[in-house]
Amino acid sequence: MHARSVTASITALLGAAALLFPMSPAGAADTGGTPLVVAHRGGSGYAPENTLAAVDRAAALGFEWVENDVQRTKDGTLVVVHDDNLRRTTDAEEVFPGRSPWKVKDFTAAEIARLDAGSWFSPSFRGTRVPTLEQFVRRVERHGQKLLLEIKNPELYPGIERDTLKVLANEGWLDRRHVGDRLVVQSFSAASVRTVHELKPAVRTGLLGKPPVGDLPGYAAFADQINPSYTSLTSGYVAAVQSFRGPHGSPLEVQTWTVNDAAAARRVAGYGVDGIISNVPDVVRDAVG
């Protein structure tokens, strides 16, 4: 397709989007605002990812928002861990040598609680544990922080959306104060995001990835954010996303991941993103603040 035809097609598409959904205000960079900075898996550049120590580090650095990953054990407990197996971030191979491939779903909560989730990162974190979602949420609450919660691999854990919302409710995180501006639940699975929205419409949600612009009207029915990798991002895509309104009536937001250097942070801030997710959030804050 010739460049002129491509430009005309994109212009027409964005024009149609503007008719369907009112245009949002300009992005953060265009208005002189600063993108929100989210500590990815806690302060994971400085402490073992997805642990209470990482939450503490993010708080010490002055960051309100932390991101985490939630999966489910064999006996139904929700734990905060990124990979679907325990090999990379714990000593599961040594503690349970006959349990290959060490999948989270094949271990009980008590077994996972025995594992060292800190030594792989640094000897100074030896004995750090994989937290349950309850423990993680309580530490976030203690610091007065906010939570970007990712439901990881929902296809492995049927019903995990309902389980997650139950834990959040039990911990007081589904009241008006929390769902208003302290909680977002996200996933790479559109079906999972839709399920969360249907079960608890008040909760803000995010879809991870970069869906085609033409599909955004459908996602806007149940997602408040579209959260792509920064490596795939363009200013045009950010503007297209922000031209739609989500299920709560506000313009769709874009939070991009995982930005760990100043140059990339400045570049995506220039695109007008609403948030930047980083392992080293202080580096990003210094670059864009």
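Begin at helix α6 (160-170), which passes α8 in a right-handed crossing (the near helix is turned clockwise from the far one by less than a right angle). Helices here are DSSP runs of H or I with at least four residues, and strands are E runs of at least two, numbered from the N terminus. The model is predicted: local features need pLDDT of at least 70 and side-chain atom pairs pLDDT 80 or more, while totals for chains, interfaces and linings use all residues. Residues are numbered from 1 along each chain, and side-chain values use heavy atoms, without hydrogens or water.

Select E161, R162 and L165 of α6 together with S192, T195, V196 and L199 of α8, which form the contact (heavy atoms within 4.5 Å).

Next, select α2 (residues 52-60) and α5 (residues 133-142), whose axes, lines fitted to C-alpha atoms over the stretch in contact, come within 10 Å and cross at roughly 15°. The two helices are therefore roughly parallel (angles under 35 degrees, on a scale from 0 to 180 between N-to-C directions). Display L52, V55 and D56 of α2 against Q135, F136, R139 and V140 of α5, which they meet.

Then turn to the largest nonpolar core, of 38 residues: buried Ala, Val, Leu, Ile, Met, Phe, Trp, Tyr and Cys residues joined through side-chain atoms within 4.5 Å, buried being under 20% relative accessible area with a 1.4 Å probe, protein chains only. Among the residues with the most contacts inside this core are L133, L149 and L168. Elements giving two or more residues to this core include α2, α5 and α6. Apart from this core lies another, of 31 residues, including L216 and V288.

Finally, centre on L149: beyond neighbours within four places in sequence, L149 is in contact with N68, V70, L133, T164, L168, V184, V185 and Q186.

Definitions and conventions
Angles under 35 degrees count as roughly parallel, over 145 as roughly antiparallel, 65 to 115 as roughly perpendicular and the rest as oblique. Buried means under 20% relative accessible area, exposed over 50%, partly exposed in between (1.4 Å probe, protein chains only).
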